[in-house]
Amino acid sequence: MTKGGMETVEVFTSEDKGRGLKAVKEFLSGEVIFAEPAYAAVVFDSLTHLICHTCFKRQEKLHRCGQCKFAHYCDRTCQRGAWLNHKNECSAIKRHGKAPNENIRLAARIMWRIEREGGGLTEGSLVSIDDLQNHVENFGEEEKKELRADVESFIEFWPPQSQQFGMQYISHIFGVINCNGFTLSDQRGLQAVGVGVFPNLCLVNHHCWPNCTVIFNNGKIELRALGKISPGEELTVSYIDFLNVSEDRRKQLKKQYYFDCTCEHCQKKIKDDLMLAVKEGEHKPSQDMVKEVIQFSKDTLEKINKARSEGVYHEVVKLCRECLKKQEPVLGDTNIYLLRILSIVSEVLSYLQMFEEAADHAKRMVDGYTKIYHPNNAQLGMAMMRAGVTHWHAGFIEAGHGMICKAYAILLVTHGPTHPITKDLEVMRVQTEMELRMFQQNEFMYYKMREAALQNQKIQVMPEPSAEASQDLFVKKQ
């Protein structure tokens, strides 16, 4: 059944993967295959006072709901737009005394919509909430325990005057959220801020080297083509970040999404050699030395995560420098443990305005990413953008402009020209192009003008490193 803007795709069923979506027409790189609003969505618990509960934009000052004192909005327009979904939630929060966690809030919003419209197909949907997979039968003991706790909390929160649902159906909804909750980002795509359920997106199967990507833009998810897609070709996205060896990706997919990945990249272990690369030549390290350095890297990453969560960024830099000193004689330039440290240290050094050292690490990071990621991978584009901005701040205008241009080309495909981050990048691209012309005409005069400009304006501080940015497509309850 295709309707409501979904005429360009169709549902199919295969023995090995079950349902999926395939293209009905040809798509070119960067084309939007379909856009879909959330069936229901909520802001993460930790950000409920910082993010608009309607458009999921981060704003300096938000208006609070005068009734429940919980929901926050950009303005009256967003507040009015939210009332249909917030009305029942508002009274339930007042009755309950406080707002429950994001899982309960999302389940409740789904149930209230089902109460209004029924559990069948809604306009523009190819599949109903009732027909989405829940994988409850695959839950382990710990997951079953969490499910029972969620169901109990939901029943406590759910108003007695609302339609009553059976335990099995409530469990189905939580199962759907558990394996189909999509990560929502803020307006610039830099931070994960919420979770929503998008039924049509749930039909798109995983592939480690997919032909599509998904972005949240202006209140809807967009499924975008990463390259040419022929009629009849299956549409795929990557549920997780590719920057893991095939064995680890397969374990993660099995644990989070309950299936065994059989894509070519997993079966043939494509790119595993790059991700586990070690130094070659006459001083090639022994296997024992490699194991020791990788274990040291894993231990250091745990310490780094703790220091980042506490905001002790100088300690993060110290740990990264110590780790790089051990890694560099042993690990190859594309080794994922080296790249993870380079990514963290370049971001934190930029935040601390130590731009020259940050630029060196950022260059090595994107050089490694370019050899591993799909050329139109969104993570590659965002990393290239960060590296370009860091180089510009360091005064390396030519290298910075080149990276910003590469990032812009990638994000035009993955995010599209109307996405706020792409618009920001276009402004940067034009600015650095003008500066590059000045630099090439008179290098001495350029630096004099740049120095004067920086002295006369507040230095632009890089955004604080965030541990909340998610690189996985779907939210998994921790």
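In the largest nonpolar core, which has 133 residues, Ile33, Phe34, Ile110, Phe154, Leu223 and Leu235 touch the most other members; a nonpolar core is here a set of buried Ala, Val, Leu, Ile, Met, Phe, Trp, Tyr and Cys residues joined through side-chain atoms within 4.5 Å. Buried means under 20% relative accessible area, exposed over 50% and partly exposed in between, with a 1.4 Å probe and protein chains only. Helix α11 (residues 336-351) supplies the largest share of this core, 10 residues, where helices (H or I, at least four residues) and strands (E, at least two) are DSSP runs numbered from the N terminus. A second, separate core of 5 residues includes Trp392, Ile397, Leu436 and Tyr446.

The model is predicted, with local features needing pLDDT of at least 70 and side-chain atom pairs counting only at pLDDT 80 or more, while totals for chains, interfaces and linings use all residues. Residues are numbered from 1 along each chain as its sequence is written, and side-chain values use heavy atoms, with hydrogens and water left out.

Leaving aside residues up to four places away in sequence, phenylalanine 34 touches Gly5, Met6, Val9, Leu21, Asn200, Leu201, Val204, Ile221, Glu222 and Leu223, contact being heavy atoms within 4.5 Å.

An open sheet of 3 strands is ordered β3-β11-β10 with antiparallel pairing, two strands being paired if DSSP finds at least two bridges between them. Its edge strands, β3 (32-37) and β10 (212-217), each pair on one side only, and neighbouring strands are turned by 20 degrees against each other on average, direction ignored. Strand β11 (residues 220-225) is joined to β10 by 6 bridges in antiparallel fashion, with threonine 213 opposite arginine 224. Across β10 and β11 lies helix α14 (residues 397-414), which runs at about 110 degrees to β11; axes are lines fitted to C-alpha atoms, for helices over the stretch in contact, and angles run from 0 to 180 degrees between N-to-C directions.

Strand β8 (residues 192-197) pairs with β4 in the antiparallel sense over 4 bridges, and 6 of the 6 residues of β8 are buried. In strand β4 (residues 40-43), Ala40 and Val42 point one way and Ala41 and Val43 the other, and all are buried. Valine 42 stands opposite valine 195, and valine 43 opposite glycine 194. Strand β7 (residues 182-185) is likewise joined to β8 by 4 antiparallel bridges; β7 and β8 form a hairpin with 6 residues between them, and glycine 189 in the turn has a positive phi of about 75 degrees.

The whole structure holds 14 aromatic pairs, in which ring centres of Phe, Tyr and Trp (its six-membered ring) lie within 6.5 Å, with planes under 30 degrees apart counted as stacked, over 60 as edge-to-face and the rest as tilted. Two of the pairs are tabulated here.

| Aromatic pair | Class | Centre to centre | Angle between planes |
|---|---|---|---|
| Phenylalanine 56 and phenylalanine 216 | edge-to-face | 6.1 Å | 85 degrees |
| Tryptophan 112 and tryptophan 158 | stacked | 4.9 Å | 25 degrees |

Phenylalanine 56 lies in the loop between β4 and β5 (63-64) and phenylalanine 216 in strand β10, so this pair ties together parts that are 160 residues apart in sequence. Tryptophan 112 lies in helix α2 (residues 102-117) and tryptophan 158 in the loop between α3 (141-157) and α4 (167-180), so their pair ties together parts 46 residues apart in sequence.
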